[in-house]
Amino acid sequence: MASHIRPAVTIFAALTLVCGVLYPLAVTGIGKAAFADQADGSIVEVNGKAVGSTLIGQAFSSPQYFWSRPSATAPMPNNASGSGGANQGPTNPALLDAVKDRIEALKAADPANHAPIPVDLVTASASGLDPEISIAAARYQAARIAGARRIGTEQVLALIEQHQLKQYFGFFGEPRVNVLELNLALDRAKPVAKG
């Protein structure tokens, strides 16, 4: 029996060292060397204070900011430790009620806007933590933001175009904007009077 225990303990110790220590150190080292910003969380700082990450969506509710895609990480929105979808199908009454509530909130925030509401403003993603919205979702919100900030809609639309992220590799996905970066650009922008 002792002849079986010693090799088992040796293999266990070796695998623990390789898989539990050496491999994580190697992957972390490669990540920090090749993708330093992402490995450190892509934290965005303003005046030396962390205000968010470009990789994890944040909830914005003020009418003068772009709103993110809804999060399924309830009860705390955009809770990275609770990443995951709601697993509700398109006929689930809870999902239908949530979408109706989101539509009503968007209409209440901008009653003059009769444009079709982009789907990414009323449905949560698989992770519930999307940091980006579609160009259509950003444009849909432009008039509300311009009115709240007392600036021209053209200025908000121009910021959307300036911060547009292209498709991955030129063909994968769709053009989009990072909500945090766009909201910070709004705060930095000098108001241009409505023309």
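Me: Buried means under 20% relative accessible area, exposed means over 50%, and partly exposed lies in between (1.4 Å probe, protein chains only). With that in hand, which residues of α6 are buried?

Reply: They are V179, L180, L182, N183, L184, A185 and L186. One note first: this is a predicted model, in which local features need pLDDT of at least 70, side-chain atom pairs count only at pLDDT 80 or more, and totals for chains, interfaces and linings use all residues. Residues are numbered from 1 along each chain as its sequence is written, and side-chain values use heavy atoms, with hydrogens and water left out.

Me: What makes α6 "mostly covered"?

Reply: Seven of its 10 residues are buried. The cover comes from β1 (43-46), β2 (49-53), β3, α4, α5 and β5 (176-178), against which those buried residues pack. Helices (H or I, at least four residues) and strands (E, at least two) are DSSP runs, numbered from the N terminus.

Me: How do you know that N178 caps α6?

Reply: A side-chain oxygen of N178 lies 3.2 Å from the backbone nitrogen of L180, at the N-terminal end of the helix.

Me: Why is P131 called buried?

Reply: Its relative accessibility is 16%, and the limit is under 20%, so P131 counts as buried. This proline sits in the loop between α3 and β3 (132-134). Its contacts (heavy atoms within 4.5 Å) beyond four places in sequence are T54, L55, I56, G57, V177, N178 and V179. Although P131 and V179 are 48 residues apart along the chain, their C-alpha atoms are separated by 6.1 Å.

Me: Which residues touch the most other members of the largest nonpolar core?

Reply: Of its 24 residues, they are F66, V156, I160 and V177. Among the helices, α4 gives the most to this core, with seven residues. Such a core is a set of buried Ala, Val, Leu, Ile, Met, Phe, Trp, Tyr and Cys residues joined through side-chain atoms within 4.5 Å.

Definitions and conventions: A polar contact is a pair of N or O atoms within 3.5 Å; within protein, one must be able to donate a hydrogen and the other to accept it, and residues adjacent in sequence count only if both atoms are side-chain atoms.
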